[in-house]
Amino acid sequence: MPQHKLATEVYFDLNDGHKIPALGLGTVPPEDNAEVKDQVITAVRAGYRHIDTAWYYGTEPYIGEALKVLFAEGYKREDLFITSKVWPSFHHSPEKSLDKSLSALGIEYVDLFLQHWPVCLSGDENGLPAAPKNDDGSLKYDDDPVDGVGFIETYKKLEDIKATNKARSIGVSNYSIPRLRKLLQKAKIVPVLNQIEYHPQLPQQDLVDFCQKHKILVEAYSPVGGPGAPVLKLPYINELAEKYEVSVNEITNAYHILQGRITLPRSSNLERIKTNVRLPQLTKDELDKLYQIGVENPTRYSVDSWGYGIGFRWWKGDTWSKEFD
Ligand SMILES: NC(=O)C1=CN([C@@H]2O[C@H](COP(=O)(O)OP(=O)(O)OC[C@H]3O[C@@H](n4cnc5c(N)ncnc54)[C@H](OP(=O)(O)O)[C@@H]3O)[C@@H](O)[C@H]2O)C=CC1
Ligand SMILES: O=C1Nc2ccccc2C1=O
């Protein structure tokens, strides 16, 4: 049995002086939100130190229950890295959203607070409904979803929050290159990272290069493509798992971590969470071959309707859209 390094022991430097564990646990609701409590406890006991959540997921109260158990076992708040996010329907009051998240989680600060999407949906003072609709069924925005700059105002509020210490670091999610360009013209604080869909089937080297140039880390969500784990069906990933005697999930994690990206796998299977921690040392040729899979046949699995028109190339039918740039 080959000896492998551990993904749980890798930390990356953020541009504001803090550090982030490279492997984080995703907490999008499973069938029953309460299951997240055991998932978090299992992960931390297995060595994970990074939990990714969001007000939108509705799982923060269960993560809070897990934290109580873990703190009682002796784990320290300062040893964990906890991320939450402000949803677009809460764009007018991110601090209120963060206060709700902190209260549900039972903690005083988050390590990282992200703007979940660079758009402004029309929610009430409690951010509800999360997906507001016009009478014709279309999404109800407070700002033009394509040309509006309200998303920059939201980010500025995150800059103010950082000064309160309720969030140690601030960052963004689902930002394309055009949105990042606009943001960087106005931002005082460069976001520490951009959380985006990323896996071997979704090559986004241009966005990664742009982020790298501005010292913004890339954090990969849906590292196996979300429900059904379609990415894990790729024959080459299975070939590598056999070669290194690890799971297919550990290959998709290594794909990111070895190239300086944070990865956020999620699972309802506690055994899978527990064992998904080794870091096989894939070669440069193997990493390049994984990357080429997506160049030849790009596939985006997460296609939320609020993601259209914000500067990403979306997979539509059999061609990439021209929306980028
Ligand atoms: N900022 C954003 O907009 C977004 C952020 N995220 C974040 O990223 C996290 C991860 O993304 P997410 O889309 O949830 O998912 P993942 O890509 O991690 O996929 C999770 C799914 O894959 C299944 N799976 C994993 N491994 C296997 C395996 N070996 N065999 C069969 N099935 C498997 C899981 O099933 P099982 O439960 O049975 O293991 C689960 O259904 C989220 O939880 C969230 O924290 C996600 C989407 C958007
Ligand atoms: O914004 C999100 N949309 C999603 C859809 C499925 C799972 C997670 C998310 C998000 O975080």
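Author: We begin with ligand 1. A residue counts as near a molecule if one of its heavy atoms lies within 4 Å of it. Of the 27 residues around ligand 1, the nearest are Asp-52, Ser-222, Ser-267, Ser-268 and Arg-272. This is a predicted model: local features need pLDDT of at least 70, side-chain atom pairs count only at pLDDT 80 or more, and totals for chains, interfaces and linings use all residues. Residues are numbered from 1 along each chain as its sequence is written, chains are lettered from A and ligands numbered from 1 in the order in which they are written, and side-chain values use heavy atoms, with hydrogens and water left out.

Reader: How confident is the predictor, on average, in the protein chain?

Author: pLDDT is the predictor's confidence in each residue, from 0 to 100. The protein chain has a mean pLDDT of 94, and 96% of its residues reach 70 or more. The model also scores ipTM 0.98 and pTM 0.97.

Reader: Which polar side-chain atom lies 2.5 Å from an oxygen atom of ligand 1?

Author: A polar contact is a pair of N or O atoms within 3.5 Å; within protein, one must be able to donate a hydrogen and the other to accept it, and residues adjacent in sequence count only if both atoms are side-chain atoms. Here the side-chain atom belongs to Ser-267. Backbone atoms take part too: a backbone N or O atom of Ser-268 lies 2.7 Å from an oxygen atom of ligand 1, and a polar backbone atom of Val-224 is 2.9 Å from one.

Reader: How much of ligand 1 does the protein bury?

Author: Accessible areas come from the Shrake-Rupley method with a 1.4 Å probe; for residues, only the protein chains shown count as cover. Alone, ligand 1 exposes 900 Å², and the protein buries 82% of that.

Reader: What classes of residue make up the shell around ligand 1?

Author: Ala, Val, Leu, Ile, Met, Phe, Trp, Tyr, Cys and Pro count as nonpolar, Asp, Glu, Lys and Arg as charged, and the others, Gly among them, as polar. The shell around ligand 1 holds 11 nonpolar, 13 polar and 3 charged residues.

Reader: Which residues are around ligand 2?

Author: They are Val-28, Tyr-57, Trp-87, His-116, Trp-117 and Asp-304. By class, that shell has 4 nonpolar, 1 polar and 1 charged. A polar side-chain atom of Tyr-57 lies 2.6 Å from an oxygen atom of ligand 2. For His-116 the distance is 2.8 Å, and for Trp-117 it is 2.8 Å. The protein covers 66% of the 290 Å² of accessible area that ligand 2 has on its own.

Reader: Where does ligand 1 sit?

Author: Rolling a probe the size of a water molecule over the atoms shows where empty space is left. On a 1 Å grid over the protein atoms alone, a cavity is a set of points where a 1.4 Å probe fits but cannot get out, and a pocket is an open set with protein on both sides within 12 Å along at least five of seven lines; lining residues have an atom within 4 Å of a point. A molecule sits in one if more than half of its atoms lie within 2 Å of its grid points. Ligand 1 sits in the largest pocket, and ligand 2 sits in the largest pocket.
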